[in-house]
Amino acid sequence: MSRVFKLKSSDNETFEVEEAAALLSETIKSSSSTEITVPNVKAEILGKVVEWCNKHAESEDTKDQLIKEWDAEFVSVDQHVLFKLITAADYLQIKELVDQLTQRVGDMIKAKTLKTVEMTYPTFNVEREVQEELKSLGF
Amino acid sequence: MNRRITENDRNRQTAATSSATTIPYLPDNVVEKILSFLPINLAAQANTVSKQWAALWPSFPVIDLDEADPINCELYIEPGRFLSFLHHSVRRCGDQKRLDKLRIRANLRYAYVLVREWVDFAIDRCVKELDLRNLGENRYYLLAHNVLTLKSLTSLNLENVRVYASSGIDGPVSLPLLKTMSLTELEIFDDEEDWAICAVPSLISGCPSMEQLSIKKCKLGYSTMELEISSYSLKSLEIMHCHCMNLVVTAKNLESFTFYSDCTCPYHKTMYLWECDNLKHVDISCLGLKQLLLHTCLKTLENSFYTPNLEAFEFSGYLKAKVHFVDAPSKLLKATIRVWETSWPIEYYSAMRGFLESFNCSKKVKLHIEDAEGVIIPEHRRMEWSSPLPSIKQLQLYFSAPLGDREYCLRPSLIWMAPSAEILPFLDNDDDDEDDNDDDYDDDDDNDDDDDDHNED
């Protein structure tokens with residue numbers, strides 16, 4: 001008889017999760033209780049994380065092409081949502097989800113689609129010593 | 001623990017109050033993970049996102065420093081910027097213990113000191129793959145000799161630099177694990193003093209595991225008359241557009257050989273492939289080549305020879321694969337074919353006929369065989385098939401085993417083979433032919449028996 005876990009968001013919504021999906025989270029795994037409150041994570045985000053866990057619990061083979069495509073779709077979200085998902089997945093210690101989300105951030109940096117002012121106009125922190133050394137080399 | 005919390009709080013505040021960046025605070029382990037997906041040049045940029053990101057510098061198993069990368073050209077627009085990046089990043093990476101691959105493509109003349117730092121950095125971390133390409137002119141950059149004694153190296157790719165292969169302080173070239181070497185536009189000399197001697201043999205003898213060697217557009221030594229490539233481990237050899245000289249290749253495990261040269265200078269005369277029993281793929285395009293010797297078995301049909309100025313061709317081996325000339329060499333004076341077969345299964349005769357066909361452009365064909373039975377094509381076949389050598393002028397046969405009764409069948413078969421040719425008096429395999437030019441290479445005796453019988457007609 002598999003247990004059912006209850007995950008509560010910061011805005012007081014509760015999600016019921018089957019054991020197989022819930023145990024993808026190390027935090028839940030090492031928790032003594034089946035009722036876990038996830039602080040700082042709203043229902044909208046927690047719901048998505050639960051969706052990911054359910055999908056990955058039912059499919060044994062994570063190398064399957066269909067699941068890969070589903071995962072790719074899953075991480076193609078707004079930067080805003082992406083970072084919130086990362087925070088939630090990190091708190092819940094769902095390693096694979098964190099890997100996928102951070103990979104996505106890396107891809108966005110490479111594609112320069114990540115929105116930060118600094119990233120568009122990069123500067124190096126060139127300490128004075130470096131400048132002086134370059135001067136001595138003739139530059 | 002306390003200190004960490006304070007820093008985290010501070011970061012959170014920065015994120016909250018700063019309107020410039022929209023990347024929120026993330027835990028250290030998450031930021032490390034993100035940075036680990038980035039190549040070094042982007043990770044260096046990413047450190048401007050926040051103090052937190054700046055503090056967390058990942059470890060890079062592969063470091064790619066490319067001054068000419070179009071994707072990153074905005075990084076290097078200002079002069080000296082790439083140099084400052086080189087300087088900055090080698091220090092940032094200082095703590096990492098491992099490095100799998102280092103690739104630098106830059107004007108190595110200007111970045112000489114910094115590149116030296118990077119190469120030393122890589123050597124200290126037992127790098128496996130090293131790729132150095134110089135964008136500057138004149139091959140100003142001299143490869144540090146300690147690269148040539150790096151025990152961990154499995155792959156070396158050099159472009160437009162200078163290499164002195166002779167013993168440095170660390171001893172002779174020794175790269176025991178090296179599998180792949182690629183040399184493009186290099187000057188490879190043995191010695192700083194002596195620019196004449198080609199250092200390729202020194203490099204090869206120092207690499208007992210080398211499987212792939214590619215040499216392109218290299219200066220191999222001004223007075224080297226002969227380049228010998230001898231390697232037991234080599235599987236693939238490529239020599240393109242080198243001002244080369246006579247080439248001898250001895251490589252028992254060689255499977256693929258590619259040679260391109262447009263050079264027609266007088267030094268470029270002879271190519272000799274010796275004991276390359278496993279050759280499966282041969283592609284030779286050599287404008288100046290006058291003499292080609294294949295003492296080997298061509299195992300497959302995949303071969304291609306473009307040698308329009310060829311004057312002499314020699315082959316020893318089994319007639320398994322046909323020689324494909326892209327354009328039949330019209331200046332071919334002499335084709336010497338030593339047949340190793342000693343039995344005549346059904347496929348043999350068509351293989352023999354097919355093999356001979358390629359040499360119809362020659363003036364003279366010399367056929368060596370132990371047992372002349374092998375050149376007596378069965379009569380019914382002679383009626384079905386057309387002659388393989390209708391245009392040649394002279395046919396010389398050498399054989400050793402006496403034919404006995406079968407001798408009367410020999411002449412008709414040869415006449416069929418070469419209807420326009422003068423059938424010269426038969427000779428024993430041991431006999432010298434008067435009009436033979438002095439070969440540089442010994443006439444190798446392929447015969448099993450030393451027969452005293454001297455067959456002459």
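Tutor: Two strands count as paired if DSSP finds at least two bridges between them. Helices (H or I, at least four residues) and strands (E, at least two) are DSSP runs, numbered from the N terminus. This is a predicted model, in which local features need pLDDT of at least 70 and side-chain atom pairs count only at pLDDT 80 or more, while totals for chains, interfaces and linings use all residues. Residues are numbered from 1 along each chain as its sequence is written, chains are lettered from A and ligands numbered from 1 in the order in which they are written, and side-chain values use heavy atoms, without hydrogens and water.

Student: Which strands of chain B stand at the edges of the sheet?

Tutor: In chain B, 10 strands form an open sheet with parallel pairing, in the order β1-β2-β3-β4-β6-β8-β10-β12-β14-β16. Two of them have a single partner strand each, so one side of each is left without a neighbour in the sheet. These edge strands are β1 (62–66) and β16 (303–306) of chain B.

Student: By what angle are neighbouring strands of this sheet turned against each other on average?

Tutor: Axes are lines fitted to C-alpha atoms, for helices over the stretch in contact, and angles run from 0 to 180 degrees between N-to-C directions. With direction ignored, the average for neighbouring strands of this sheet is 5°.

Student: In β14(B), which residue is the bridge partner of S261(B)?

Tutor: Strands β12 (residues 256–261) and β14 (residues 281–286) of chain B pair in the parallel sense over 6 bridges. In β14(B), S261(B) is partnered by C286(B).

Student: Which backbone atoms does the side chain of N303(B) reach at 2.8 Å?

Tutor: N303(B) lies in strand β16 of chain B. With a relative accessible area of 7%, N303(B) is buried (under 20%; exposed is over 50%, partly exposed in between, with a 1.4 Å probe and protein chains only). At 2.8 Å, its side chain reaches the backbone oxygen of K322(B) and the backbone nitrogen of H324(B).

Student: Where do the buried residues of helix α2 of chain B lie around the axis?

Tutor: In α2 (residues 28–36) of chain B, the buried residues are D28(B), V30(B), V31(B), I34(B) and L35(B). They cover an arc (of the directions from the helix axis to the C-beta atoms) of only 160°, which puts them on the same side of α2(B).

Note on methods: A polar contact is a pair of N or O atoms within 3.5 Å; within protein, one must be able to donate a hydrogen and the other to accept it, and residues adjacent in sequence count only if both atoms are side-chain atoms.
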